[in-house]
Amino acid sequence: MPEKVIIIGSGPAGLTAALYAGRGDLDPLVFEGSQAGGQLMITTDVENFPGFPDGIMGPELMDRLRKQAERFAPRIHTVDVTKVDFSDRPFRVWVDADEYETESVIIATGASASWLGIPGETKLRGRGVSACATCDGFFFRDKELVVIGGGDSAMEEALFLTKFASKVTVIHRRDEFRASAIMARRVLEHEKIDVLWNTTVDEVLGEDGVTGVRIRNVVSGEVTDMHTDGYFVAIGHKPNTGIFEGHLALDDAGYIKLQGDGSTATSVEGVYAAGDVADHIYRQAITAAGTGCQAAIDAERWLADQT
Ligand code: NAP
C-alpha cells in the first residue's frame with residue numbers, strides 16, 4: 001500500500017505539516033533530513049514567534065515543535081530523500097536504494113545559506129570561514145571578525161558575535177541596510193561594531209586559517225587588504241530544490257512555483273510545498289509554519305476527493 005502522504009523536511013513548515021497531517025489521520029511518513037530542524041537550528045534568539053513573550057532559542061523552538069509533531073506523527077526518519085519521480089501516481093520517493101510509494105507529497109526542504117563564491121571562501125571553510133555565527137562564534141573569543149551582508153541575518157550574526165569578538169566589522173555593498181530598523185539600529189549603536197559601506201569582498205586571505213579579506217570600495221574602486229580572524233557570510237539563502245529539478249515547475253531562482261490560487265499546490269497535482277522552499281518574500285518561521293498547516297489541509301482535502 002502506498003503512503004497517504006510523505007513529508008520531506010523538518011523545519012517549522014515540515015513539522016507543522018506533520019502535526020496537522022497526523023491529527024488529520026493521514027499517518028504521515030516524515031523524512032526530516034540528516035540535518036534536521038532547518039534554519040532555526042542555527043539561529044539564536046527568536047523574538048518574533050507568537051506565544052513566546054520572552055523570546056526562545058531557535059533549537060529549543062524546533063525541539064518543542066518536533067515533540068508536538070511526534071505525538072501525532074511518530075514516523076519521523078532522520079534521512080535525506082535522494083530522488084523523486086512525480087510523473088505517475090502513486091508518486092515515488094527514494095532514500096538511497098529504498099523506494100517509497102505515496103499518494104501525495106508535501107515538500108518543506110527549506111533554503112540554505114548562500115556564499116559569495118570568491119577565492120579563499122571554500123578553501124578556508126571551517127577554518128575561519130562560516131555562515132553560522134551560532135555554530136562557530138564561540139571559537140572567536142577576543143578576535144576581530146567581519147560579517148558580510150546588510151539584511152536581518154547579517155545584523156543578527158554581527159550582534160551575536162559581539163559576545164565573543166573584540167571587534168566586528170559589517171561589510172555591506174550599499175550605503176544603507178536592508179535590515180529592519182530595529183535590528184539596524186542595534187548594530188549601528190553597538191560599541192563593538194563598525195560598518196564598511198559601499199564595500200565588497202574580492203578574496204578571503206590566509207593559508208591554514210583566515211588572516212584577512214581583500215576589500216573593494218565600489219564607489220572609488222580602491223582595493224585594500226584588511227586584517228580579520230574570521231569571515232561570516234550572511235547574504236541570504238538558496239532554496240533546497242536540487243532533487244526536484246525536472247519534476248516540478250521552479251522559478252528562475254530555483255524556488256518551487258505555487259499555482260497562485262492561494263493554496264500550496266505545485267505544478268503537479270497531489271504535490272504541495274510549504275515554507276522557504278516556495279517563499280522568497282516572507283521567509284519567517286511563523287509563515288513557514290502557517291504554510292505547513294495549509295499544505296497538510298490541502299493534501300487532506302485533495303486525498304478525500306480522490307476516493
Ligand atoms: P536578505 O534580507 O535577502 O538580505 C541579504 C543581504 O545580503 C542584503 O543586504 C544584500 O544586499 C546582501 N547580499 C546579497 N547578495 C550579496 C552579494 N553577492 N554580495 C554582497 N552582498 C550581498 O537575507 P537575510 O538577511 O538572510 O534575511 C532573509 C529574511 O529573513 C528576511 O525577510 C529577514 O527579515 C528575515 N530574518 C529575520 C530575522 C529576525 O527578525 N530576527 C533574522 C534573520 C532573518 P542588498 O541589500 O544590497 O541587496
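**Cores and domains of a predicted model**

Y272 touches V105, I106, I107, T264, A265, T266, A295, D298, A299 and W302, leaving aside residues up to four places away in sequence. The model is predicted. Y272 is also among the residues with the most contacts inside the largest nonpolar core. The protein chain is divided into domain 1 (6-112 + 237-305) and domain 2 (115-233).

**Nonpolar cores**

- The largest nonpolar core has 32 residues, and those with the most contacts inside it are I7, L61, I106 and Y272.
- Two or more residues of this core come from each of β1 (3-8), α1 (12-23), α2 (58-72) and α6 (285-306).
- The element that gives the most to this core is α6, with seven residues.
- Another core lies apart from the largest one; it has 22 residues, including A165, F177, M183 and A184.
- In soluble globular proteins, nonpolar side chains tend to be buried together.

**Domain arrangement**

- The C-alpha centres of domain 1 and domain 2 are 31 Å apart.
- Six residues from domain 1 and seven residues from domain 2 take part in the contact.
- About 510 Å² of area is buried between domain 1 and domain 2, and carbon and sulfur atoms give 52% of this area.

- The rule finds one salt bridge across the interface of domain 1 and domain 2.
- A salt bridge joins R186 and E47, with their closest N and O atoms 3.7 Å apart.
- Zero residue pairs in polar contact, with both residues at pLDDT 80 or more, are found by the rule across the interface of domain 1 and domain 2.

How values were computed:
Residues numbered from 1 in each chain as written. Predicted model: local features only at pLDDT ≥ 70, side-chain atom pairs only at ≥ 80, totals over all residues. Heavy atoms only, no water. Core = buried A, V, L, I, M, F, W, Y, C linked by side-chain atoms within 4.5 Å. Buried < 20%, exposed > 50% of the residue type's maximum accessible area, 1.4 Å probe, protein only. Helix = DSSP H or I, 4+ residues; strand = E, 2+ residues; numbered from the N terminus. Contact = heavy atoms within 4.5 Å. Domains from an automatic or database assignment. Buried area = accessible area lost by both parts, 1.4 Å probe. Salt bridge = Lys/Arg side-chain N within 4 Å of Asp/Glu carboxyl O. Polar contact = N/O pair within 3.5 Å; in protein donor to acceptor, adjacent residues only side chain to side chain.
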